[in-house]
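Student: Hi! Could you walk me through this one with me asking as we go?
Tutor: Happy to, here it is.

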Amino acid sequence: TAQASNLNQVRYMAANCANCHGTNGNSVGGIESLAGYDRDKFISVMKAFKSGEKPATIMHQLSQGYTDEQVAAMADFFASQPKNR
């Protein structure tokens, strides 16, 4: 179905974040976890990375690859993920 396909696309996009932020947003290192992250804050931070307002080593580049709709979908995904801690 379309909804399942959309969820798979969001999971695929979120998987790109796993290298630094952990599987499903649960970081195991010094980088901030995204699991359970506030949806609006996620969107705001991603916009700040994209505009260059928020300094970063790589996030300013990665954020440019996502549309506003994709960022909102990832925000929903991470907000719905349970924190491991």
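This is a predicted model: local features need pLDDT of at least 70, side-chain atom pairs count only at pLDDT 80 or more; totals for chains, interfaces and linings use all residues.

Student: OK. How many helices and strands are there in the protein?
Tutor: The protein has 5 helices and 0 strands. Along the sequence the pattern reads α-α-α-α-α.

Student: What share of the residues is buried?
Tutor: Buried residues account for 33% of the 85 residues.

Student: Let's switch to helix packing. How do α3 and α5 cross?
Tutor: Helix α3 covers residues 39–51 and helix α5 covers residues 68–80; their axes come within 8 Å and cross at roughly 140 degrees. The two are therefore oblique to each other.

Student: Is that crossing left-handed or right-handed?
Tutor: The crossing of α3 and α5 is right-handed.

Student: Which residues meet there?
Tutor: From α3 come R39, F42, I43, M46 and K50, and they meet D68, V71, A72, M74, A75, D76, F78 and A79 in α5. By class, this contact has 9 nonpolar and 4 charged residues, with no polar ones.

Student: New topic: the loop between α2 and α3. Which residue has a positive phi?
Tutor: That would be N24, with a phi of about 55 degrees, although N24 is not a glycine. N24 is found in the loop between α2 (18–21) and α3.

Student: Is N24 buried, partly exposed or exposed?
Tutor: N24 has 37% relative accessibility, so it counts as partly exposed.

Student: And G25?
Tutor: G25 lies in the loop between α2 and α3. G25 is buried, because its relative accessible area is 0%. Leaving out residues up to four places away in sequence, G25 touches S33, L34, A35 and F78.

Student: How far is G25 from G36?
Tutor: C-alpha to C-alpha, G25 and G36 are 8.2 Å apart in space, and they are 11 residues apart in sequence.

Student: You listed L34 there. Where does L34 lie, and is it buried or exposed?
Tutor: L34 lies in the loop between α2 and α3. L34 has a relative accessible area of 8%, so it is buried.

Student: What does L34 touch?
Tutor: Not counting residues up to four places away in sequence, L34 touches C17, H21, G25, F42 and F78. F42 and F78 also belong to the contact of α3 with α5. L34 and M74 are 40 residues apart in sequence, with their C-alpha atoms 9.9 Å apart.

Student: Last one: what's going on with C20?
Tutor: C20 sits in helix α2. C20 is partly exposed, because its relative accessible area is 42%. Setting aside neighbours within four places in sequence, C20 is in contact with S27 and I31.

Student: And how far is C20 from A56?
Tutor: C20 and A56 are 36 residues apart in sequence and 13 Å apart in space, C-alpha to C-alpha.

How values were computed. Residues are numbered from 1 along each chain as its sequence is written. Side-chain values use heavy atoms; hydrogens and water are left out. Axes are lines fitted to C-alpha atoms, for helices over the stretch in contact, and angles run from 0 to 180 degrees between N-to-C directions. Helices (H or I, at least four residues) and strands (E, at least two) are DSSP runs, numbered from the N terminus. Angles under 35 degrees count as roughly parallel, over 145 as roughly antiparallel, 65 to 115 as roughly perpendicular and the rest as oblique. A crossing is left-handed if the near helix is turned anticlockwise from the far one by less than a right angle, and right-handed if clockwise. Contact means heavy atoms within 4.5 Å. Ala, Val, Leu, Ile, Met, Phe, Trp, Tyr, Cys and Pro count as nonpolar, Asp, Glu, Lys and Arg as charged, and the others, Gly among them, as polar. Buried means under 20% relative accessible area, exposed over 50%, partly exposed in between (1.4 Å probe, protein chains only).
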